[in-house]
Number of protein chains: 2
Amino acid sequence: MSAIEVPDGSPFPLENLPYGVFSPAGRPAGEARVGVAVGDQVLDLAPLLDDDRLASPSLAPLMAQGPAAWREVRSRIRDVLGDRRRRDEVARHLRPQAAVTVHLPVAVGDYVDFYSSRHHAENLGRILRPGTEPLPAAWRHLPIGYHGRAGTVVVSGTPVVRPRGQRRGDDGTPTFGPSARLDIEAEVGFLVGVPSRLGEPVAVEAFDDHVFGVVLVNDWSARDLQAWEYVPLGPFLGKSFATSISAWVLPLEALAPARVPPPPQDPPPLPYLRGGPDAGLDLTLAVELNGEVVSRPPFAGMYWTPAQQLAHLTVNGASVRTGDLFASGTVSGPEPGQRGSFIELTWNGAEPLRLGDGTERGFLADGDAVRLTASAPGEAGATLGLGPVEGTILPARS
Amino acid sequence: MSAIEVPDGSPFPLENLPYGVFSPAGRPAGEARVGVAVGDQVLDLAPLLDDDRLASPSLAPLMAQGPAAWREVRSRIRDVLGDRRRRDEVARHLRPQAAVTVHLPVAVGDYVDFYSSRHHAENLGRILRPGTEPLPAAWRHLPIGYHGRAGTVVVSGTPVVRPRGQRRGDDGTPTFGPSARLDIEAEVGFLVGVPSRLGEPVAVEAFDDHVFGVVLVNDWSARDLQAWEYVPLGPFLGKSFATSISAWVLPLEALAPARVPPPPQDPPPLPYLRGGPDAGLDLTLAVELNGEVVSRPPFAGMYWTPAQQLAHLTVNGASVRTGDLFASGTVSGPEPGQRGSFIELTWNGAEPLRLGDGTERGFLADGDAVRLTASAPGEAGATLGLGPVEGTILPARS
């Protein structure tokens with residue numbers, strides 16, 4: 001028996017315990033502090049564990065301390081929750097998730113977005129550059145990525161205003177207006193805890209020494225803005241209006257049972273991208289549009305692992321900081337029902353999705369609500385939930 | 001008569017007064033605080049003005065307050081320095097620049113780099129994509145830009161370790177090693193003071209309400225890494241190892257006499273990029289390699305102005321934060337001696353520069369020291385100096 005009962009089927013069983021930052025509903029954001037999600041509750045950690053690091057409105061103090069501290073804090077939480085005699089004490093520090101406001105778990109330093117699903121990259125190549133080789137020349141040699149806008153990373157639940165901008169007109173000159181091809185990208189993100197020094201690469205073996213945990217990411221994308229602007233410097237305004245992440249950060253430690261080897265890599269990567277721990281993760285994502293599941297992208301098939309991504313992004317000597325976020329890129333599997341973006345699911349709008357309410361979607365309509373979740377195997381046969389990442393589209397402002 | 005005498009020809013006359021963050025040599029970085037450069041001295045502002053905002057190890061508290069506060073603080077400094085009776089008091093708060101350590105003036109939020117010199121964009125197009133139209137299709141319709149790595153923005157004087165990485169080999173597969181084409185990009189950067197709200201664009205007219213001041217920027221670039229990686233998501237490791245900025249931030253107010261209209265724009269830009277103040281700036285940069293001036297790029301000829309850049313980067317609703325940095329892109333003029341990068345100055349290494357010591361350079365060698373400065377017209381006929389941005393190349397680590 002434990003100090004708390006979690007309903008069967010909850011995404012947040014005792015094997016999960018993701019961290020987040022919350023404040024009681026109706027209280028000022030200045031009272032925000034660290035909690036863990038358990039069942040449909042949030043456990044207020046600082047008073048329960050008498051730990052000042054956790055009274056912070058950010059996970060950064062804990063994240064910066066490294067794996068030994070991460071294991072120690074998680075172990076203390078599990079000890080308390082596993083002790084039936086502490087039931088009353090625990091109960092005093094629980095709040096219903098419905099009665100708290102969640103905040104961004106950490107100020108994001110740099111946000112890097114990769115492009116590591118071969119199925120996604122091939123689909124996009126076929127859609128956007130038909131008649132040419134779908135994979136860019138470097139794709140199988142390095143995890144292609146770019147920097148996104150850290151200042152517009154928002155927590156799950158933040159509404160997304162439809163962006164306005166330039167797009168190519170029929171005569172090759174641009175028109176201006178609300179994006180007509182607003183899309184999602186369902187991704188898995190990794191938050192750096194332990195920083196590195198400028199000039200010193202992080203080896204592929206050091207992944208677990210630096211990465212604190214995992215979030216789900218919705219990299220909202222305005223495909224029409226992106227198509228007009230992206231040559232030769234890459235995506236910019238087509239992405240920078242908002243990127244949503246889950247409020248709950250699953251510690252890497254909890255995902256030990258989900259570690260899997262990545263798919264074979266051919267050609268073999270250069271030595272700095274070889275070796276290290278199995279850093280593939282057996283996560284299955286679910287993309288919901290207005291409550292209806294429209295896709296189930298499998299993360300285990302991603303070509304490049306997060307350990308390879310971190311080794312690559314630092315091999316030139318670039319440093320990482322506590323709170324840096326790097327994301328996988330759109331997770332898409334080989335099957336049509338496993339695609340992580342609408343541009344793939346509807347083949348650039350040519351094959352609209354028919355929804356249960358009888359309406360069709362090429363891309364997102366105003367009022368649409370998108371929800372990403374994921375599940376993974378945890379300890380003791382448990383199923384761990386990640387997410388949710390929720391966002392509703394508001395009309396463009398005039 | 002004033003409270004301090006500045007030698008003739010100093011880059012930092014009384015009309016300049018750029019802000020920076022310094023600590024006395026040999027003292028801990030924790031003692032860092034705000035100063036202004038005057039002649040070859042630094043004025044320790046917090047005790048002189050009895051102002052707590054200036055006791056911070058960051059310009060952020062002042063920058064966030066907006067133009068009225070910026071004018072007020074600058075006016076108080078000028079009043080004190082203009083009052084001969086306060087000569088002894090001022091002297092107590094002066095330190096030789098040679099006896100202080102300078103720090104990054106503010107933690108950089110997001111770093112955006114534009115591509116706004118037509119001469120630079122055309123040169124790069126001709127060099128990298130010969131036989132095709134040198135300007136990308138969207139170039140004359142919007143200021144093309146991308147996000148760089150904010151966490152590796154470093155202050156002038158920080159050495160730069162030659163980055164290692166992948167580059168294209170002769171057979172189309174990559175090789176790995178130190179960059180053989182290490183370059184600079186001489187740029188002008190703009191630091192955001194007053195933040196904006198997510199979803200609310202900053203109009204071109206609001207430039208002076210948000211931008212605090214100007215720095216010089218050296219956007220170090222590994223051309224071989226960049227050429228291999230940049231399709232389709234843009235520059236990444238070819239840029240992210242280091243970006244150097246000047247320690248001294250020139251307030252926009254001081255540059256009022258340098259405001260000039262930008263060159264004519266054809267075709268006329270879309271309405272959101274029209275109007276606003278004259279935001280072109282009559283700066284002349286100087287690029288020195290090992291003490292020898294190799295180029296004098298003129299900033300006044302830049303096609304897109306910083307006010308247009310800020311309006312563009314927020315038109316999709318992206319917000320800006322205090323400390324965000326956006327840079328012009330390489331400043332290159334129409335003449336060969338006005339090019340702001342070695343890839344242009346040496347036409348991708350094909351026409352090496354012959355230096356005064358008899359050596360030649362296609363790109364940077366280990367031990368090379370690069371120094372960027374600029375000058376601009378100030379009040380009362382003064383010439384204002386910007387910079388310096390200095391950096392020396394250290395050999396790649398093995």
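Which residues are linked in a network of salt bridges? They are Asp183(A), Glu185(A), Asp219(A), Arg223(A) and Lys239(A). A salt bridge here is a side-chain nitrogen of Lys or Arg within 4 Å of a carboxyl oxygen of Asp or Glu. Side chains of opposite charge can pair when their charged atoms come close.

This is a predicted model, in which local features need pLDDT of at least 70 and side-chain atom pairs count only at pLDDT 80 or more, while totals for chains, interfaces and linings use all residues. Residues are numbered from 1 along each chain as its sequence is written, chains are lettered from A and ligands numbered from 1 in the order in which they are written, and side-chain values use heavy atoms, leaving out hydrogens and water.

Over all chains, a search of the whole structure finds 52 salt bridges. Among them are these:

| Pair | Closest N and O atoms |
|---|---|
| Arg78(A) and Glu379(A) | 3.4 Å |
| Asp208(B) and Arg259(B) | 2.3 Å |

Asp208(B) sits in helix H6 (residues 207–210) of chain B and Arg259(B) in strand S18 (residues 259–260) of chain B, 51 residues apart. Helices (H or I, at least four residues) and strands (E, at least two) are DSSP runs, numbered from the N terminus.

How open are these side chains? Arg78(A) is partly exposed at 29% relative accessibility, and Glu379(A) is partly exposed at 32%. Partly exposed lies between buried (under 20% relative accessible area) and exposed (over 50%), using a 1.4 Å probe and protein chains only. Asp208(B), with 28%, is also partly exposed.
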